[in-house]
Amino acid sequence: MTEAIAVLKESIGVERAVGIYEIKRAKIASFALVIGDPNPLWQDIAPPSLIPTLGFARILPELISLFPTLLHGSTELECHQPVRAGDRIKVSSKLANIRQRAGKDQRPVVFLTIELTYKNQRQELVARCRQVLIAQ
Amino acid sequence: MKHLYYEDIAVGSEIPPLVKKPTTDQLVMWGEVSGDHNPIHFDEGFARSRGLPGIIVQGQLAFSFLGQLLSDWTGEQGVLNKLNCSYKGMNFPEETLTCRGKVIKRYTMADKGHVDCSLWMENPRGERTLSGTATVSLPHRE
């Protein structure tokens, strides 16, 4: 665990490209279906909660491989404009902070703060998100 | 579709609750659409080996339920500006989860009506498994 933290600490503040995600109508529809949200709004517009999932698959595996248990601490989403069908959303992320403290049984608990930025095909900021993950 | 206007909002008023009951199938499907392939959300044995009581609901699925609580309430013209939540406790599939919220502040900024809310999710034991805040903007009544 100490080794994992040392590796990650080197990347604090370094912004990296996660990927570009095309928002298809079918993706919006399947997302709303899985949540169980039949709101007719979710045809041309994506539910805001879709945004934090973009690129999440790219960020998680590395962290899961470093820590035996990874739980979600918090999600803070700030929306600047709606994500619409046909948008191409570019996601970038950076590790903003690592904090460590003794948890129950004195086992170390690590709090990882990841900041993500989402821009559309016109380079306009659509959203920001701050995720805190708890590793044990 | 209904419209909610800024003038309709009173501080202290409650958001109509949203009741959800995520299934294990839903967790698997959420894994597919969200990219959260952490096995603690669909592999019972793996979850237990990590010291968890069983499979747990993905945080971001629960986060989406809070989003739905808000969009169901604000209607067609409401816009979500901010949604923050802390995952306070584990949610388990096949349990009834109730999303609730309350208006804590209303104000006009740049000609738009803004409403701050506190939000939470309760499990069947009355424990708050999620708590958070949100800001939505609403149109003014003409």
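**Chat on the A–B interface**

Across the interface of chain A and chain B in this predicted model, 13 residue pairs are in polar contact, with both residues at pLDDT 80 or more.

Q: OK. How many residues are in contact on each side?
A: 33 from chain A and 32 from chain B.

Q: What area is buried between them?
A: About 2600 Å². Carbon and sulfur atoms give 60% of that.

Q: Which three residues of chain A supply more than any other three?
A: A:Val34, A:Ile35 and A:Thr75. Together they supply 21% of the area that chain A buries against chain B.

Q: Which elements of chain A give two or more residues to that side?
A: Helix H2 (25–35), helix H3 (56–66) and strand E2 (70–79).

Q: Which one gives the most?
A: E2(A), with ten residues.

Q: What's the make-up by class on the side of chain A that touches chain B?
A: 18 nonpolar, eleven polar and four charged residues.

Q: Back to E2(A). Which strand of chain B is joined to it, and is the run parallel or antiparallel?
A: Strand E2 of chain B, residues 79–87. The two strands run antiparallel.

Q: How many bridges join them?
A: Five.

Q: Give me a residue to look at. What stands opposite A:Glu76?
A: B:Asn84, which is in E2(B).

Definitions and conventions. Residues are numbered from 1 along each chain as its sequence is written. Chains are lettered from A and ligands numbered from 1 in the order in which they are written. This is a predicted model: local features need pLDDT of at least 70, side-chain atom pairs count only at pLDDT 80 or more; totals for chains, interfaces and linings use all residues. Side-chain values use heavy atoms; hydrogens and water are left out. Contact means heavy atoms within 4.5 Å. Buried area is the accessible area (1.4 Å probe) that two parts lose on being put together, summed over both. A polar contact is a pair of N or O atoms within 3.5 Å; within protein, one must be able to donate a hydrogen and the other to accept it, and residues adjacent in sequence count only if both atoms are side-chain atoms. Helices (H or I, at least four residues) and strands (E, at least two) are DSSP runs, numbered from the N terminus. Ala, Val, Leu, Ile, Met, Phe, Trp, Tyr, Cys and Pro count as nonpolar, Asp, Glu, Lys and Arg as charged, and the others, Gly among them, as polar. Two strands pair if DSSP finds at least two bridges between them.
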